[in-house]
Amino acid sequence: MSLHCPGPAGVLWRRARCRFLLPTLAVFAFAATTALDAQSQDDPDPRIHVVRRGESLSTIAQRYHTTVRTLREWNELSGNRILIGQELRVPTDGREYVIVRRGDTLAKISRRHGVPVDLLRQLNRTHRDRIYVGQKLKLRPSHRDEVVHVVERGQTLIEIAKSHGLSLAELRELNGIRGDRIYPGQSIRLREVAQEIHVVERGDALWEIARAYGMSVDALKKLNGLRGNRIYPGQELRIRRSGDHPTPDAVYVVRRGDTLGEIAQLHQMSLAELRRKNSLRGNVIHPGQQLKVRPLLGGTDRSEIATLEEVPWNDLLPRIDAVPAIALENGPYYYRHPTAKVQSSDHYLEAPTRRPASTYARAEALWKAFEKRVESLGYLSHTLDGWHVVLDPGHGGLDPGAIVESVDGNGNPTYVVEDEYVFDVALRTYVLLKLHGADVDLTLISPNHLIRGNEPATATFVHEQNEVFHSGSINRQNRSSSWPRGGPQGLKRRRDLAATFFRSTAPGRRIFVSLHADNAPAAPEAKSVLFYQDRRRRDRASERFAKALLPALGAGSRVRGQNLGVLRGNPADVAVLIEVRNVAYQYEAWALRFEQLRQRDAEKIVKGILDWVGHRSG
Ligand SMILES: [Zn+2]
C-alpha cells in the first residue's frame, strides 16, 4: 500500500486531509471478535425498562430482541396493558455473566472469555482483584454502565435518574440543569469521567478513539489489554498511562447559534466538565470564543482547521464559469437558492421549477465541475485502485424519505429531511473514496448543491424536489416519471443505473452502497448495514461485506438481512444499504444536523471499505 500526500497545487487542503486521514490507513487487524462464550446462564440479569409514552409491549419486545410472551412472563402480566412510567424487567441478550469457579482469577477469566482485565475490574468493582467461588461476574457493560442517556420524547429527568440508579441532584449537577427542563435528543451524562479515560459511546470505533487522542490502534489496545477490536458502550478506555504527559485539550471556536449544551454533547463531555475546563459560571458564550474541549471523534474539528489555516472541507467546491456560488448558511447553492431559509415543518417542500431534462443539464454541469475538482486533488492511497463503488443516495427527487421533528439546543423544533442529509453524506463519501483511488458514481445528482455546510446547525436543509437520476437517457424522456420517486420502478432504475456504471468494471470489484437514514422506532438506534435476504435466498457475499464494515462503524452497529428492492438482483458483487442513522431516535436526528458528524459517518463507511479491501488483498 503506497501512501502519499503529494503535489504543490491545493496543498493546504490536501495537508488537512492527509493529516486527518493517514491514521485511518493503518492496518486494521481483524482479530476474531468471538462472542462472549460464557457458561450458559439461564438467568441473565434483568435490565429495567421504564415504559414511555407511545410504547406497547410489542415495540418494547422488538427493541430488546425478545417476544411479547417473554415480557409477559418476566413481568407477570396477563394482557397487553402497561402504564407510562411502569418498570418492566427485560432480558439482556444473554451470556453477559459468568460464575466464578474454583481456581479462577481475574486473569484466567479474562483469557477464557476474551474480556480485558481492566473491563472486568470496571464492571465488577473488584477490591484488589479479589473474587470468590460462586460470584457472578459481569462480562459486558449493561445500559447502567453507559455514560450517556439520550432523552426520548416524553421522558422526565426523574425517570432517567431512577432508571440509572442516580439521584435527581446528582444528575442536575453533572448536567448543569437547574429545573426539570430537558429536551428530546439531549444527552444526559450519567457520571463524571476522568481526564485520562474515554468512555465508549454508541457509534464510537476503536480507530477513531485512537486517532482523536493521537495514538495508534495497537497502542490503545495494548494500554487497555484489548485483543480484538470489539468495544462496548459504557466501556472505559484509558487514553494515557498515569504519569504520562496530559493529552492536550482540543480547542473549539464558538459559532453563532451554538449552545454550551450542544458543544458539550458534540465533544462527549458533561456540561460540568466543559464549564470546569473553561472556568465558566453561566451559559453565556459568544461567537469566536475559544473553548477547551475533548477531541472530537471523527475528523473535521473546525477549530483545528482555523488554527492551521487549512481550507475547510465544505470549501471543496468548484467554481463554475458564469455560475457564482450562492453563499447561504445551509449552502452553498449554485443555479438557484432555496425559497425557504430552513425546513420549517414536516410537510414543507419546494417542487421542481424546471422540467427533468433542463434540471439534469444543470446538475450534470455542476457534477462535471465537482468531479474535476476532486480529481485534481491527487491521492491519499491507491488501496481502492481498480475498485468501483456506486453510491446511491436514498430517496431524492419527488421522494424525501423520512422527515422528522428534532429539537435544537434551545428546545426549539427543527426538521430533518432524510434525502437532503444522506445526499450530503454520500458526497463526502464520494470524495474520500476517490482520494483512495476508487472509481465512484452516484445514482442521483442535484442541480443546485454539492457538499453543504450548515452554520449554525439550526440552518437545516430544505426539502427540495430537484434531484435527478444521473442518467442522460432517463432525463431525455423529460416526463414527470423521469423524476426519482419511491416504489419498485424507482428502485429498479437505481439498480439499472448501477449496471450501466459497472459495465466496464472487472467482476469481483463492484461495490454498491445505498445510503439512508432509517425512521424505525422498533429498530435499535445504532447504524445498521442491510444485505439482501428473502425466504429463499440470502446474499452471503454481501452479508460478509456488511459484517466486515462493523468495526469501522463503531460500537453497537448491526447487520441485518432484509428483502429490499434496491438490493434485489443488484448487479454489484456486494450490495448493502446502510442506515446511517435511525432518526426515530432524537439523538440520531440531532446528529445528522451537524456537518462534523456527517463527515464522521462518511469516514466510517470509507474506513470500513478500506479495511475490507485491505483484508482481502492482504
Ligand atoms: Zn430511506
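Is Ile109 buried or exposed, and how many other C-beta atoms lie within 10 Å? Before selecting that residue, note that this is a predicted model, in which local features need pLDDT of at least 70 and side-chain atom pairs count only at pLDDT 80 or more, while totals for chains, interfaces and linings use all residues. Residues are numbered from 1 along each chain as its sequence is written.

**First stop: Ile109**

Select helix H4, residues 106-113, where Ile109 has its place; helices are DSSP runs of H or I with at least four residues, strands are runs of E with at least two, and both are numbered from the N terminus. Ile109 is buried, with 20 other C-beta atoms within 10 Å; a residue counts as buried if 20 or more other C-beta atoms, placed from the backbone, lie within 10 Å of its own, as exposed if 12 or fewer do, and as partly exposed in between. Leaving aside residues up to four places away in sequence, Ile109 touches Val98, Asp104, Leu120 and Leu137, contact being defined by C-beta atoms, placed from the backbone, that lie within 7 Å. Leu137 is 28 residues from Ile109 along the chain, and their C-alpha atoms are separated by 9.5 Å.

**Second stop: the whole chain**

Zoom out to the chain, whose secondary structure comes to 19 helices and 20 strands. Of its 618 residues, 44% are buried, and among contacts between residues at least 6 apart in sequence, 79% join residues at least 24 apart.

Now select H14 (residues 418-435) and H19 (residues 595-617), whose axes come within 8 Å and cross at roughly 50 degrees; the axes are lines fitted to C-alpha atoms, for helices over the stretch in contact, with angles running from 0 to 180 degrees between N-to-C directions. The two helices are therefore oblique to each other, as angles under 35 degrees count as roughly parallel, over 145 as roughly antiparallel, 65 to 115 as roughly perpendicular and the rest as oblique. The contact draws on residues including Tyr421, Val425 and Leu432 of H14 and Arg598, Ala602 and Ile605 of H19.

Conventions
Contact = placed C-beta atoms within 7 Å.
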